[in-house]
Amino acid sequence: MATPQPGIFVRGLRAQAHLEFDLRPGVTVAAIRAAFGQLQEVGLVQSAVAGFGDRLWRLLAAADAVPLGLAPLARVQGTGGDMPVHQHDAWLWLADRGPDVVFDAARLAVAALAPALTLVEDTPGFVYRDGRDLTGFIDGSENPAPDAAVAVACIADGPGAGGAFALVQRWRHNLTRFQALAQDEQERAIGRTKPDSVQLPELPANSHVARMVVATPDGELAIWRRSVPWGKATANGLQFVAFSADPQRFTAMLERMFGAAPDGVADRLLEFSTPETGALYFVPSTEALLRWVRG
Ligand code: HEM
């Protein structure tokens with residue numbers, strides 16, 4: 001397999017930035033390549049991941065680097081409402097030990113790409129306590145083990161091998177509403193205990209965990225989640241980020257979340273959190289990325 005971008009798997013970097021961009025109208029492929037070449041020069045941060053929307057990657061990449069199933073994020077509508085889709089052309093995820101380093105890198109990256117791409121989303125993120133969501137629940141307990149993560153996240157062979165699909169979705173929490181619930185009710189909404197993330201023996205059907213466990217004849221669907229909290233006292237939430245070798249897994253989970261699956265049950269999380277953005281990106285292998293940038 002070609003080499004996946006290493007940042008997909010790097011953990012422990014507490015300060016992050018998620019930047020999303022749109023192509024400037026009329027910009028040439030040569031100008032886009034030059035802008036990404038500049039980005040390479042700025043020597044960013046300990047971990048940087050670059051993803052491309054369907055439109056941009058098809059414009060840039062050789063046919064054998066375009067994976068099957070690459071498309072804009074699909075709309076989902078169900079009993080839980082209408083999930084917003086804001087598909088953009090590129091996504092840059094920067095991570096390092098502190099917000100000062102990430103701040104400088106984000107500004108350099110935006111300036112490097114500016115001739116070809118306009119910044120449309122700019123979301124700083126941070127690791128909260130011991131890897132918790134701002135609701136206080138541990139996020140990531142049921143992630144695959146690190147040695148299984150590459151197979152879950154990355155395309156093994158064929159077009160786009162070594163690359164990964166990424167779902168990037170900024171959720172805004174209503175923490176006041178969530179925190180008004182007693183702890184056992186919060187736990188029933190999530191489906192796990194709050195202090196130590198033990199799955200409840202009897203999962204409510206609308207709990208987040210019950211909605212996200214998707215059984216198939218080949219076993220439960222797996223994705224590699226790398227979400228982080230974002231925000232300040234008055235506006236905050238979760239920058240949801242997950243990787244998968246197959247974008248259909250995201251669709252199946254989002255349909256179960258928004259009550260668009262045959263059972264029509266919506267995820268209770270929707271009472272406390274709302275997605276504000278949502279896009280699907282392809283994160284090419286390091287080789288495919290360099291092949292394209294170097295021309
Ligand atoms: C406000 C947004 C969200 C919050 C606060 C949130 C939080 C959590 C928490 C606390 C858990 C339990 C611990 C764990 O296994 O990580 C969990 C599990 C999970 N979440 Fe989310 N999540 C959110 C959105 C999503 C979305 C959009 C997806 C997929 C499209 C997703 C997929 C999953 C999966 C697959 C699991 C593991 C289920 C299992 O096998 O037990 N989550 N999430």
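Author: Helix α1 (residues 29-41) has 13 residues and spans 19 Å from its first C-alpha to its last, close to the 18 Å expected at 1.5 Å a residue; that expectation is 1.5 Å times one less than the number of residues. Helices (H or I, at least four residues) and strands (E, at least two) are DSSP runs, numbered from the N terminus. This is a predicted model, in which local features need pLDDT of at least 70, side-chain atom pairs count only at pLDDT 80 or more, and totals for chains, interfaces and linings use all residues. Residues are numbered from 1 along each chain as its sequence is written.

Reader: Which residues of α1 are buried?

Author: A residue is buried if 20 or more other C-beta atoms, placed from the backbone, lie within 10 Å of its own, exposed if 12 or fewer, and partly exposed in between. By this criterion, the buried residues of α1 are Ile32, Ala35 and Leu39.

Reader: Why do the buried residues line one face of the helix α1?

Author: An α-helix has 3.6 residues a turn, so residues three or four places apart point the same way. Seen down the axis of α1, the directions from the axis to the C-beta atoms of the buried residues fall within an arc of 60°, so these residues line one face.

Reader: Which exposed residues does the face of α1 turned away from the buried side carry?

Author: That face carries two names to look for in the structure: the exposed residues are Ala30 and Glu41.

Reader: Against which elements do the buried residues of α1 pack?

Author: Two residues are in contact if their C-beta atoms, placed from the backbone, lie within 7 Å. The buried residues of α1 pack against α2 (54-60), α3 (99-113) and β6 (117-126).

Reader: How many helices and strands does the protein have?

Author: The count covers the whole protein. There are 9 helices and 14 strands.
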